[in-house]
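These are my notebook entries on a single protein chain. I set down what I looked up, in the order in which I looked.

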Amino acid sequence: MSEYYNYIKSLHLIFVITWFAGLFYIPRLFIYHIEANSKPSPDKEILSKQLKLMTKRLWYIITWPSAILATFFAVWLLVIYPGWLTQPWMHVKLGFVLLLILYHLKNHQTFKRFQKDDIRYTSNYMRIWNEGATLILFAIVFLVILKHSFNWIFGVIGIIVLGVLLMLGIKLYKQIRNKNPEA
């Protein structure tokens, strides 16, 4: 079975990438939907209908299948090398994967609400929410690449600094957008 390791790992990585692509784009579509909701008729209805269709296709054709296949190939890799489950870095990684799954499920809940035009968030909230996947991705990639050499203090500080930089970027974008609504 280990002779297939690189193929399985490749498939796992491909589906992780497409899963994250969906998780990066779905909140962006939510933002567009929120902003379309404040448009006058008939623009509001036309945009809402199109955004619902785009979101549905992204969610059910790309994001959900990618999440399932990434998880399937990850489990397969752990079956081939069960010793990884004894590694501290893997425990932390699996903790971030659990956060990713919870993030995915929360997006699913939001998706279902948006499909019913039940919009409960502001576009600024969704911009901040959109960075959740970014923080999780950074944490997982650094854990996987650095494994045993990962310095926990610098890693935690790095994730916090990244989060602060992302929030500052969102604030700066909001200021620019307030000055120039077309941005």
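**Surface, fold and pocket**

I began with the surface: the protein chain exposes about 11200 Å², and carbon and sulfur atoms supply 70% of that area. I note for all entries that the model is predicted.

I then looked up burial. Of the 183 residues in the protein chain, 33% are buried.

I turned to charge next. The protein chain carries 20 positive and 8 negative charges, and I find their mean positions 5 Å apart.

**Fold**

I counted the elements of the protein chain and found five helices and zero strands. Read from the N terminus, the order is α-α-α-α-α. I took the extent of the C-alpha trace along its principal axes and recorded about 60 × 35 × 20 Å.

**Largest pocket**

I looked up the volume of the largest pocket and recorded about 710 Å³ of space. Its lining consists of 29 residues. Which residues lie nearest the centre of the pocket? I list H12, V16, K93, I140 and V144.

I next asked which helices supply the lining. At least two lining residues come from each of α1 (5-36), α2 (43-80), α3 (88-115) and α4 (123-146). The largest share belongs to α1, with nine residues.

**Loops and backbone**

I checked the peptide bonds and noted a cis bond between S41 and P42, with omega at about 0 degrees. P42 is placed in the loop between α1 and α2, two helices that also contribute to the lining of the largest pocket.

I then checked the backbone angles. D117 has a phi near 60 degrees, a positive value in a residue other than glycine. I located D117 in the loop between α3 and α4.

Is D117 buried, partly exposed or exposed? I find a relative accessibility of 42% for D117. Buried requires under 20% and exposed over 50%, so D117 counts as partly exposed.

**Entry for review**

I keep two backbone features on record: the cis bond joining S41 and P42, and the positive phi of D117. The former involves P42, in the loop between α1 and α2, and the latter lies in the loop between α3 and α4. For the largest pocket, I keep the volume of about 710 Å³ and the nine lining residues from α1.

Terms used: Residues are numbered from 1 along each chain as its sequence is written. This is a predicted model: local features need pLDDT of at least 70, side-chain atom pairs count only at pLDDT 80 or more; totals for chains, interfaces and linings use all residues. Side-chain values use heavy atoms; hydrogens and water are left out. Helices (H or I, at least four residues) and strands (E, at least two) are DSSP runs, numbered from the N terminus. Buried means under 20% relative accessible area, exposed over 50%, partly exposed in between (1.4 Å probe, protein chains only). Accessible areas come from the Shrake-Rupley method with a 1.4 Å probe; for residues, only the protein chains shown count as cover. Lys and Arg count as positive and Asp and Glu as negative; His and the chain ends are not counted. The place of a charge is taken as NZ of Lys, CZ of Arg, CG of Asp or CD of Glu. On a 1 Å grid over the protein atoms alone, a cavity is a set of points where a 1.4 Å probe fits but cannot get out, and a pocket is an open set with protein on both sides within 12 Å along at least five of seven lines; lining residues have an atom within 4 Å of a point. Grid points are joined across faces, edges and corners, and a volume is the space filled by probe spheres set on the points.
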